[in-house]
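This report describes the architecture of a single protein and the side-chain interactions that link its parts. The sequence and the coordinates are shown first.

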Amino acid sequence: MKRLVIITVGKTHSGKTTFAKALESKLNNSFIMDQDNNAEFLNTYYKNLLPKQGPNILKHSVSQVIVDYAKEHTDFHIIASSANLTRKGRKYLLEKVYDKNAFVSILVHFDIPDEVLYERVIKSKRSTNILRGAYSNFKEVLYSQQSGSMNKDVVDPEEGEADYLFVIRDNKDVDSVIKEIVHIANCF
C-alpha cells in the first residue's frame with residue numbers, strides 16, 4: 001500500500017499547524033511530523049546544545065529519527081508540517097526523505113496575504129519557546145520570511161514538484177483540500 005506524505009509550505013501563522021491537526025483528525029492512519037514540537041522540546045530541555053545561529057542540526061536530526069521510525073515501523077501517512085519555503089528544501093524531502101516508490105507526495109501551499117499574517121502575528125498567543133537565535137517573537141520571523149522572498153530559492157511550489165499541489169488562500173479552502181486529500185488516500 002502506498003502512503004501519503006503531505007508537506008505544508010507557508011510562512012509563520014499561515015495556518016499550517018491548524019490544517020495539519022484538522023487533516024490528521026480526518027485522515028485515518030496518519031500522524032503529524034511538526035518540527036516546531038521538536039524545537040520546543042529541545043529549547044526546553046537541551047537549550048545549551050542548540051547552535052546560536054545557522055541550521056538547527058539537532059532539531060533536524062530528531063525529526064529525521066521520528067520520520068525514519070514512522071517509515072520503518074508503521075504504515076502511517078505522514079503530515080509534515082513546517083515552513084518548507086525553499087525549493088531546495090522541498091526537493092530534498094521529496095527525493096531523499098520520502099521515497100517516491102513508497103509515498104504519494106502532496107504539497108499544500110498556504111498562500112496567505114502578508115497583511116493577514118501580520119494581523120495574526122500581532123494577535124498571537126503562541127509560545128515563543130520554539131524560537132532561537134535572532135528571533136524573539138513571530139513578527140521578527142515573519143519579517144525575515146518576507147525578506148527571504150528575495151532569496152531566489154524561496155519560491156512558491158509549482159505543479160510537478162510533487163504528485164499533487166493544493167493552494168490555500170484563505171480559511172474557506174481548508175475543508176475542500178482536506179476532503180480531496182482523504183479521497184486521494186482512499187484511492188490507494
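A residue counts as buried under 20% relative accessible area, as exposed over 50%, and as partly exposed in between. Tyr46 has a relative accessible area of 39%, so this residue is partly exposed. The structure discussed here is a predicted model.

**Overall architecture**

The protein contains seven helices and five strands. Read from the N terminus, the order of these elements is β-α-β-α-α-β-α-β-α-α-β-α. The radius of gyration is 16 Å, which agrees with the value near 16 Å that a compact globule of 188 residues would have. Along the principal axes, the C-alpha atoms occupy a box of roughly 45 × 35 × 30 Å.

Among the 188 residues, 40% count as buried. The accessible surface amounts to about 10,900 Å², and carbon and sulfur atoms contribute 51% of that area. Of the contacts with a separation of 6 or more, 79% are between residues 24 or more positions apart.

**The surface patch around Tyr46**

Tyr46 is located in the loop between α2 and α3. Together with Phe41, Tyr45 and Leu49, Tyr46 forms a nonpolar patch on the surface. The accessible area of these residues together is about 470 Å².

Gln35 belongs to helix α2, which spans residues 35-45. Is Gln35 buried or exposed? Its relative accessibility is 17%, and Gln35 therefore counts as buried. Leaving aside residues up to four places away in sequence, Gln35 touches Lys59, His60, Ser63, Ser81 and Ser82. With one of these, His60, the side chain of Gln35 makes a polar contact through the side chain of His60, at 3.3 Å.

Asp114 is part of helix α5, residues 114-123. With a relative accessible area of 28%, Asp114 is partly exposed. Not counting residues up to four places away in sequence, Asp114 touches Lys11, Leu142 and Gln146. The side chains of Asp114 and Lys11 make a polar contact at 2.8 Å. Asp114 is also 85 residues from Asn29 in sequence, and the C-alpha atoms of Asp114 and Asn29 are 34 Å apart in space.

**Salt bridges**

Side chains of opposite charge can pair when their charged atoms come close. The structure holds eight salt bridges.

| Asp36 | Arg126 | 2.4 Å |

In the salt bridge of Asp36 with Arg126, the closest N and O atoms are 2.4 Å apart. Asp36 lies in helix α2 and Arg126 in the loop between α5 and α6, so this pair ties together parts that are 90 residues apart in sequence.

How are Asp68 and Lys71 placed in helix α3? Because they are three residues apart in helix α3, about one helical turn separates them. Asp68 has a relative accessible area of 26% and is partly exposed, while Lys71 counts as partly exposed at 25% relative accessibility.

Glu158 is in the loop between α6 and β5, and Arg87 is in helix α4 (residues 87-97), so the pair ties together parts that are 71 residues apart in sequence. Glu158 is partly exposed with a relative accessible area of 46%, and Arg87 is partly exposed with a relative accessible area of 29%.

Technical notes
Residues numbered from 1 in each chain as written. Predicted model: local features only at pLDDT ≥ 70, side-chain atom pairs only at ≥ 80, totals over all residues. Heavy atoms only, no water. Helix = DSSP H or I, 4+ residues; strand = E, 2+ residues; numbered from the N terminus. Buried < 20%, exposed > 50% of the residue type's maximum accessible area, 1.4 Å probe, protein only. Polar contact = N/O pair within 3.5 Å; in protein donor to acceptor, adjacent residues only side chain to side chain. Contact = heavy atoms within 4.5 Å. Patch = residues over 30% accessible without salt bridge, like charges linked within 9 Å, V, L, I, M, F, W, Y side chains within 5 Å. Areas by Shrake-Rupley, 256 points an atom, 1.4 Å probe, with all protein chains shown as cover. Salt bridge = Lys/Arg side-chain N within 4 Å of Asp/Glu carboxyl O. Rg over C-alpha atoms; globule rule 2.2 N^0.38 Å.
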